[in-house]
Amino acid sequence: MNSSKNRAGIARGDTDAGAAPEERLRRRDVLKALGAAAAVAPVGAMAQAAPVSPPEEWHDEADVIVVGMGGAGASAALEATAAGASVIVLEKGAEPGGATRFSGGVVYAAETTVQKAAGLNDTKDDMYQFLMNVGGKSVVPELVRAYVDNATQTVERLIELGVEFPPEQLYQSGLEHMEEYASTLPAPIRGHSPVGAGYGVFTTLRMAAEEKGARVMLETPAIEILPNEDGVVGGVKAKTKDGREINIRAHKAVIVTSGDFNRSPEKRRAFSNMAIAAEPIGPLNHTGDGLTMAQAWGADLMGTYAIAGIPAPEGKPVMFTFYLPKYPTAGNAANVAVNSRGKRFFNETVGYPIANREVFYQPGNFAWTVFDERARTSEMGVLFPGFTDPTQTWSHDLAEEEAQGLVFKADTFGELAQKMGVDADVFEATMRDYNMHAKNGKDPEFGKTEKLGTVDTAPFYAIKTRPGMLINAGGLRIDTQARVVDTYGNPIPRLYAAGMSITGGFSGDIVAASGYSVGLGITFGRIAALNAVTETSL
């Protein structure tokens with residue numbers, strides 16, 4: 001059949017087992033609806049019942065309890081202590097930081113002093129329109145607007161704390177250049193890349209919070225949100241590193257900033273078809289505990305069908321870290337992605353949010369990354385980044401992975417097709433056509449212009465690749481004050497939440513830009529704290 005393509009160079013006719021473009025769009029709408037339904041349906045099945053009476057004994061107390069210490073949690077702890085509140089942070093892991101600690105630390109914002117120093121003109125209105133163009137009906141306009149209006153202050157606050165955003169490191173970090181999403185062209189530059197990356201940003205926030213008096217309790221996971229004597233949110237039950245359960249009273253509020261459910265097979269199955277098909281690449285202790293605890297208080301969920309991540313190799317133990325292994329990495333080596341029919345289906349150089357989604361929509365929810373010996377020896381990296389535990393890096397010659405069945409190697413495309421289980425004639429024709437066009441410097445099928453090199457030096461390699469789930473881009477429904485909202489649309493008193501990995505309404509199945517997630521967590525962590533400290537002390 002003939003394939004139609006959008007401006008991203010994605011074949012619409014070669015997905016969903018031969019569905020026409022219109023049918024595929026309908027199926028995508030159905031998938032989103034199913035994902036949204038899944039976000040609500042499991043409430044009774046997965047959430048424990050909220051306790052109806054306070055504990056007999058409180059073992060500790062603070063004005064504000066923050067659950068989880070990633071970028072959002074550190075921001076919330078800092079702003080609450082800076083406002084004069086006492087704060088206890090409960091962190092499940094031995095090392096705090098969440099996904100922010102291992103990220104690039106980019107913050108997506110407009111109208112900043114950094115942009116002005118670089119001579120760049122940008123507006124919050126343009127940024128808002130762009131985020132709405134990408135998010136569509138999957139996002140809540142007032143939440144997106146709240147982020148846009150406050151993200152500028154996030155950059156300035158980080159600078160005030162000592163984080164450096166060199167003007168020369170500003171870059172176009174999103175999909176603003178794509179006509180179907182752009183609010184203005186030429187595309188503005190909004191990606192604020194800090195010195196020290198995410199580790200530096202998080203460490204700055206953490207140190208500032210602790211200097212202000214925040215108490216951070218590591219290896220002390222929250223296990224239940226407790227009521228006070230008035231029956232409203234009044235504290236948290238936690239388990240200490242030595243196994244004791246303690247009850248900590250929150251005189252003002254509880255702020256949930258814990259991670260997503262990428263490491264919970266049960267929640268991935270319950271909430272998201274996309275997550276089921278994905279390779280989890282997020283922090284190992286992100287099991288969605290905050291969702292469960294908030295649901296016990298009637299919290300509504302939104303957008304849990306959506307995930308954010310980067311396509312990842314199937315089967316290799318992976319987690320998100322700032323350290324990239326040699327294989328497979330994001331790089332410049334020539335490569336081709338084909339689906340289970342042996343056909344290319346998109347421009348392999350589109351942004352990773354689109355690549356992640358398009359791999360999911362292929363039959364079987366996977367693709368094959370195909371490259372040659374020249375790419376392997378160049379150490380320039382192949383198509384899909386794999387953020388891998390440094391102790392689990394890929395072998396230099398890929399022999400170990402070949403022996404494990406994670407990589408296929410062959411001297412001819414026909415032999416490689418047989419190992420991949422795809423039609424040899426179709427695959428050979430795909431590679432023949434691709435190489436012919438690459439030699440001419442053109443890609444008439446998908447419009448690829450970058451990394452358009454030939455793949456013609458034997459031996460050839462193929463890696464089975466699935467969507468990678470760094471975080472889920474949905475979760476608890478909140479309002480613009482970061483208050484958690486129940487299934488009737490009412491704020492749950494004294495319960496707040498912040499962070500893209502734990503709240504919904506900011507993104508659909510495409511995250512608009514690098515820096516949106518990190519910026520969102522820090523921004524709404526601050527918003528949650530500034531509202532939480534105004535609560536009457538009980």
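The side chains of K237 and E224 meet in a salt bridge, 3.6 Å from N to O, where a salt bridge means a side-chain nitrogen of Lys or Arg within 4 Å of a carboxyl oxygen of Asp or Glu. K237 sits in strand β7 (residues 233–239) and E224 in strand β6 (residues 222–227), so this pair ties together parts that are 13 residues apart in sequence. Helices (H or I, at least four residues) and strands (E, at least two) are DSSP runs, numbered from the N terminus.

Keep in mind that this is a predicted model: local features need pLDDT of at least 70, side-chain atom pairs count only at pLDDT 80 or more, and totals for chains, interfaces and linings use all residues. Residues are numbered from 1 along each chain as its sequence is written, and side-chain values use heavy atoms, with hydrogens and water left out.

**Salt bridges**

- Searching the whole structure turns up 26 salt bridges.
- E224, from the opening pair, counts as buried at 16% relative accessibility; buried means under 20% relative accessible area, exposed over 50%, and partly exposed in between (1.4 Å probe, protein chains only).
- D125 and R145 form another salt bridge, with their closest N and O atoms 3.0 Å apart.
- D125 belongs to helix α6 and R145 to helix α7 (residues 141–161), so the two tie together parts that are 20 residues apart in sequence.
- R145 counts as partly exposed, at 23% relative accessibility.
- D300 and R477 meet through their side chains in a salt bridge too, at 2.9 Å from N to O.
- That pair links distant parts of the chain, 177 residues apart: D300 is in the loop between α11 (289–295) and β10 (301–302), and R477 is in the loop between β19 (475–476) and β20 (483–485).
- D300 is buried at 10% relative accessibility, whereas R477 is partly exposed at 28%.
- There's also a network of salt bridges, linking R344, E348, D443 and K448.

**Aromatic pairs**

- The whole structure holds 11 aromatic pairs; rings of Phe, Tyr and Trp (its six-membered ring) pair if their centres lie within 6.5 Å, with planes under 30 degrees apart called stacked, over 60 edge-to-face and the rest tilted.
- Y147 and Y516 have ring centres 5.3 Å apart and planes at 50°, so they make a tilted pair.
- This pair links distant parts of the chain, with Y147 in helix α7 and Y516 in helix α17 (residues 516–532), 369 residues apart.
- Both Y147 and Y516 are buried.
- F371 and Y461 also have ring centres 5.3 Å apart, but their planes are at 15°, so this pair is stacked.
- F371 lies in strand β14 (residues 367–372) and Y461 in strand β16 (residues 460–466), 90 residues apart.
- F371 is buried at 1% relative accessible area, and Y461 is buried at 2%.
- F366, W368 and F408 are linked into a cluster by ring pairs.

**Charges over rings**

- R145 has its charged end over the ring of Y128, 5.0 Å from the centre; a charge sits over a ring if NZ of Lys or CZ of Arg is within 6 Å of the ring centre and within 35 degrees of the ring normal.
- K464 lies over the face of F366, 4.3 Å from the ring centre.

**A covered helix**

- Helix α12 (residues 352–360) is mostly covered, with eight of its nine residues buried.
- The buried residues in α12 are P353, I354, A355, N356, R357, E358, V359 and F360.

- L185 and P186 are joined by a cis peptide bond, with omega at about 5°, and P186 lies in the loop between α7 and β4 (191–192).
- A458 and P459 are joined by a cis peptide bond as well, with omega at about 0°; P459 is in the loop between α16 (424–439) and β16.
- A197, in helix α8 (residues 197–211), has a positive phi near 55° despite not being a glycine, and it is buried at 11% relative accessibility.
- L398 has a positive phi too, near 65°; L398 sits in the loop between α13 (373–378) and α14 (399–403) and is buried at 1% relative accessible area.
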